[in-house]
Amino acid sequence: MSETERLTPDVVRHLAGLARIALTEDEITKLTGELGIILDSIEKVSEVATPDVPGTSHPIPLSNVFRADIPGKTLTTEEALAGAPDHDGSRFRVTAILGEEQ
Amino acid sequence: MTTTDLTRLTAAQLGEKITAGEVSSVEVTQAHLDRISAVDGDVHAFLHINEKALETAAATDAARKNGENVGPLAGVPIAIKDVLCTLGMPSTAGSRILEGWVPPYDATVVARLRDAGLVLLGKTNMDEFAMGSSTEHSAFGPTHNPWDLERIPGGSGGGSAAAVAAFEAPVALGSDTGGSIRQPAAVTGSVGVKPTYGGVSRYGAIALASSLDQVGPVSRTVLDAALVHDIIGGYDPRDSTSLKDEWPSFAEAAREGARQDSLKGLRIGVVKELDAPGFQAGVTQRFHEALALMEGAGAEIVEVSAPNFEYAVAAYYLILPAEASSNLAKFDSVRFGLRVNPVGGGTVEDVMAATREAGFGAEVKRRIILGTYALSAGYYDAYYGSAQKVRTLIQRDFAKAFSQADVLVSPAAPTTAFKLGEKLEDPLAMYLNDVTTIPANLAGIPGMGLPMGLAPEDGLPVGIQLMAPAHADDRLYRLGATLERMLESRWGSPLLNSAPDLAKSEMFGAESGAL
């Protein structure tokens with residue numbers, strides 16, 4: 001089964017929910033087609049990804065990356081809030097965290 | 001010396017003249033600001049011009065007069081890709097979601113440039129969050145190729161490449177996740193280097209795909225790239241992937257290379273899979289001429305095979321969206337950037353979804369959804385897991401190739417600059433532009449793009465890519481400088497001297513077949 005068949009508008013709608021993007025119906029339709037074509041072409045990775053090949057997550061692996069436990073310069077509250085869409089002077093301000101049904 | 005002449009000089013030459021007191025940093029900076037005023041309406045390389053550029057230049061001049069030792073590029077202007085955080089200047093990464101956002105800190109590379117006395121000219125245009133090969137995915141309109149304003153300047157760092165190619169800046173910074181420094185260099189006739197992964201700090205570079213991203217220099221000459229690399233490179237405790245290598249002077253490597261008459265003893269590997277029949281004829285022709293030139297200078301040309309490169313683009317378009325979908329989760333309408341309140345209000349999640357819908361462009365949405373899919377339960381092993389295995393296979397291909405050759409070469413891009421709009425509606429065709437550059441990112445090795453002539457069929461620049469083993473960036477500068485000198489002596493002048501003079505006319509046709 002090719003990805004074009006597997007990837008339905010409902011799947012794209014679900015993914016958009018997970019990614020927190022309020023896609024329009026037009027965007028969902030367009031993306032369903034485009035992503036199907038892209039997935040068909042990138043599926044080929046499985047052709048050579050046999051069980052004996054280990055995965056690489058980092059091109060030049062480093063381990064135990066620590067620094068000395070010495071306080072450095074950090075952002076002030078003012079600096080941290082400077083780019084925020086809304087704040088009360090000491091905290092980021094947002095709308096309701098929970099919806100009515102929650 | 002007229003101000004036009006100053007914009008034609010290299011960063012190395014400008015640094016020397018400023019040091020010798022022949023010209024001030026203020027004069028040099030003003031000349032570049034004037035050039036930007038004259039041509040950037042057509043080119044659109046810049047998203048923001050630093051209002052304090054002349055002030056910084058004056059401070060550098062004063063420091064020099066006081067006898068302070070200010071380094072080889074002190075007073076020289078530089079353009080900064082908008083993916084890098086800069087104090088006092090907006091840093092948008094080409095996205096609406098960060099429009100007008102001024103970061104509370106400098107990227108390490110930017111701080112190092114300031115410490116070395118360079119003058120930041122402004123921020124350059126790019127595909128949104130560095131997703132693209134043409135700058136057409138910038139939320140603020142595309143950049144135009146200085147060789148032909150109707151064509152793309154490459155991407156994502158088309159703004160930085162166009163800025164140096166249009167003589168608006170002698171040098172610039174870029175970032176390269178799958179070719180965003182090297183491919184724009186190829187299509188604009190400029191030079192760009194993606195360093196070894198971890199060789200240059202990523203702190204303050206707005207992350208696209210953290211295991212692939214690398215910041216690097218953009219310039220018109222190999223030596224200038226090396227001088228910038230020397231300043232920005234080296235260990236940074238703020239980047240946990242930063243390497244603690246003691247790097248040699250890349251400028252010294254470039255100078256050595258430029259003096260070198262012979263390439264005797266150097267084994268140059270041609271990657272069979274990247275010398276492909278589907279490439280534009282003029283690209284293949286110039287590439288084989290460059291090989292012959294290097295062979296004539298004593299290099300041993302060997303063919304190497306990298307059978308798994310065939311899977312590189314596919315693996316890249318799984319790994320990149322997966323990492324990007326995670327990295328871009330921070331744009332949540334809470335701490336920085338845009339906030340859009342949906343009609344009738346809603347919870348913070350509704351606000352987040354409305355903000356991301358309004359703030360992200362089509363390509364960003366496409367890749368976030370693709371990455372979310374590739375990482376979702378049931379598909380993770382088949383997609384992301386398999387792509388990571390391909391990454392191992394590509395590293396093995398490189399290891400084998402570098403046992404047969406000191407440096408690998410390929411065309412830096414499969415075609416010359418295409419027309420704006422030509423591939424915008426075909427994402428897959430756009431993705432294939434990076435077929436030559438992606439393998440280096442997957443393996444973490446360094447690569448350089450530099451001009452190798454004009455394609456006879458359209459008179460547009462074509463680039464060659466040099467690749468070296470991880471940690472051996474100096475080989476790129478040594479060979480790059482030798483090849484640059486040999487090519488320029490064949491051409492009679494640097495390639496960019498043949499580019500149209502934008503200040504005279506905005507409509508022109510590229511000269512064809514001269515080289």
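Beyond its neighbours within four places in sequence, Gly158(B) is in contact with Asn125(B), Met126(B), Ser134(B), Thr135(B), Thr143(B), Ile152(B), Pro153(B) and Pro184(B). These contacts, like all values reported here, come from a predicted model. Gly158(B) counts as buried because 37 C-beta neighbours lie inside 10 Å, where 20 or more are required. Gly174(B), 16 residues away in sequence, is 9.0 Å from Gly158(B) when C-alpha atoms are compared.

Gly158(B) belongs to helix α6 of chain B. This helix is mostly covered, with eight of its eight residues buried; besides Gly158(B), these are Gly159(B), Ser160(B), Ala161(B), Ala162(B), Ala163(B), Val164(B) and Ala165(B). After α6(B) comes Phe167(B), for which phi is positive, near 60°.

The sheet of chain B is open and contains eleven strands in the order β1-β3-β2-β4-β6-β5-β10-β11-β9-β7-β8, with mixed pairing. Strands β1 (46-49) and β8 (300-304) of chain B stand at the edges; each has a single partner strand, and therefore one side of each lacks a neighbour in the sheet. From one strand to the next, the twist averages 30°. Within the sheet, β9 (residues 407-411) and β11 (residues 461-467) of chain B form an antiparallel pair over four bridges, and Ser410(B) is placed opposite Gln465(B) of β11(B).

Helix α8 (residues 222-232) of chain B lies across β4, β5, β6 and β10 (447-454) of chain B, and runs at about 150° to β6(B).

Chain B is assigned two domains, namely domain 1 (3-264 + 445-498) and domain 2 (310-391). The centres of domain 1 and domain 2 of chain B, taken over C-alpha atoms, are separated by 29 Å. Contact between them involves 20 residues of domain 1 of chain B and 17 residues of domain 2 of chain B. On the side of domain 1 of chain B that touches domain 2 of chain B, ten residues are nonpolar, seven polar and three charged.

The largest nonpolar core comprises 187 residues, of which Ile78(B), Ala172(B), Ala226(B), Ala315(B), Leu318(B), Ile369(B) and Val407(B) touch the most other members. Helix α11 (residues 312-327) of chain B supplies the largest share of this core, eleven residues. Domain 1 and domain 2 of chain B each contribute at least three residues to this core. For Ile78(B), leaving aside neighbours within four places in sequence, the residues in contact are Leu113(B), Leu118(B), Val119(B), Leu120(B), Leu121(B), Ala169(B), Val171(B), Ala172(B) and Leu173(B).

Between the chains, 48 residues of chain A are in contact with 57 residues of chain B. On the side of chain A that touches chain B, two or more residues are given by each of α2 (9-18), α3 (25-42), α4 (45-48) and α5 (77-81) of chain A. Helix α3(A) gives the most to this side, with eight residues. By class, the side of chain A that touches chain B has 32 nonpolar, nine polar and seven charged residues.

Technical notes
Residues are numbered from 1 along each chain as its sequence is written. Chains are lettered from A and ligands numbered from 1 in the order in which they are written. This is a predicted model: local features need pLDDT of at least 70, side-chain atom pairs count only at pLDDT 80 or more; totals for chains, interfaces and linings use all residues. Two strands pair if DSSP finds at least two bridges between them. Axes are lines fitted to C-alpha atoms, for helices over the stretch in contact, and angles run from 0 to 180 degrees between N-to-C directions. Two residues are in contact if their C-beta atoms, placed from the backbone, lie within 7 Å. Domain bounds come from an automatic or database domain assignment. Ala, Val, Leu, Ile, Met, Phe, Trp, Tyr, Cys and Pro count as nonpolar, Asp, Glu, Lys and Arg as charged, and the others, Gly among them, as polar. A residue is buried if 20 or more other C-beta atoms lie within 10 Å of its own, exposed if 12 or fewer, and partly exposed in between; C-beta atoms are placed from the backbone. A nonpolar core is a set of buried Ala, Val, Leu, Ile, Met, Phe, Trp, Tyr and Cys residues joined through C-beta atoms within 7 Å.
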